[in-house]
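This report walks through a single protein model, starting with its sheet and moving on to its helices and loops. The sequence and structure are shown below.

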Amino acid sequence: MQNELIIVSEYCNKCHIEPTFIDRLQEGGLIDIQTENGERFLLFSQLPDVERYSRMYYDLSINMEGIDAIHHLLERMEEMQKEIYSLRSRLKVFGDF
C-alpha cells in the first residue's frame with residue numbers, strides 16, 4: 001500500500017487543498033510528484049507529510065519558508081536522536097546507562 005499512487009487533483013478536491021500548494025511543496029523539495037500520461041500522482045507514503053504541511057500552512061498560517069525551516073529542523077532532530085541512540089548503545093559496553 002505504501003507504493004500506491006494517489007491522483008493529486010482528487011486529493012486536493014477531497015481535502016480542500018489548493019493544487020498550487022502541492023506544487024510549492026514539490027518545488028521546495030518537500031514532496032515528490034510523479035507524472036504519468038499527463039496526470040500527477042503522490043505516493044501514499046507521502047500523505048502524512050502533506051497533511052502535516054497543510055495543517056501548518058492552512059491552520060497555523062505558517063508560510064512556505066517556515067514550513068521548509070521546520071522540515072529541516074525535524075530532519076536534524078531525527079539525525080541527532082539516532083546519534084544519541086548510537087552513543088548510548090556504545091556506552092552500555094562500559095556500564096549500565
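## The sheet

Two strands count as paired if DSSP finds at least two bridges between them. In this predicted model, β2 and strand β3 (residues 39-43) meet that condition with three bridges, in the antiparallel sense. Within β3, R40 is the residue that stands opposite T35.

The sheet is open and has three strands, in the order β1-β3-β2, with antiparallel pairing. Its edges are β1 (5-7) and β2 (34-36); each has a single partner strand, so one side of each is left without a neighbour in the sheet. From one strand to the next, the twist averages 40°.

## Helix α1 on the sheet

Helix α1, residues 8-15, packs on the sheet and touches β1 and β3. The direction of α1 makes about 65° with that of β1.

## Helix α3

Helix α3 covers residues 47-59, which is 13 residues. From its first C-alpha to its last, α3 reaches 17 Å, close to the 18 Å expected at 1.5 Å a residue.

Which residues of α3 are buried? They are L47, V50, Y53, S54 and M56. As background, an α-helix has 3.6 residues a turn, so residues three or four places apart point the same way.

## S54 in detail

S54 is found in helix α3. Why does S54 count as buried? Its relative accessibility is 10%, and the cut-off for buried is under 20%. Leaving aside residues up to four places away in sequence, S54 touches I17, F21 and D59.

## Two loop residues with positive phi

H16 lies in the loop between α1 and α2. Its phi is positive, about 55°, although H16 is not a glycine. Is H16 buried or exposed? H16 is exposed, because its relative accessible area is 70% and the cut-off for exposed is over 50%.

The phi of S61 is near 60°, a positive value in a residue other than glycine. With a relative accessible area of 64%, S61 is exposed.

Technical notes. Residues are numbered from 1 along each chain as its sequence is written. This is a predicted model: local features need pLDDT of at least 70, side-chain atom pairs count only at pLDDT 80 or more; totals for chains, interfaces and linings use all residues. Side-chain values use heavy atoms; hydrogens and water are left out. Helices (H or I, at least four residues) and strands (E, at least two) are DSSP runs, numbered from the N terminus. Axes are lines fitted to C-alpha atoms, for helices over the stretch in contact, and angles run from 0 to 180 degrees between N-to-C directions. Contact means heavy atoms within 4.5 Å. The expected span of a helix is 1.5 Å times one less than its number of residues. Buried means under 20% relative accessible area, exposed over 50%, partly exposed in between (1.4 Å probe, protein chains only).
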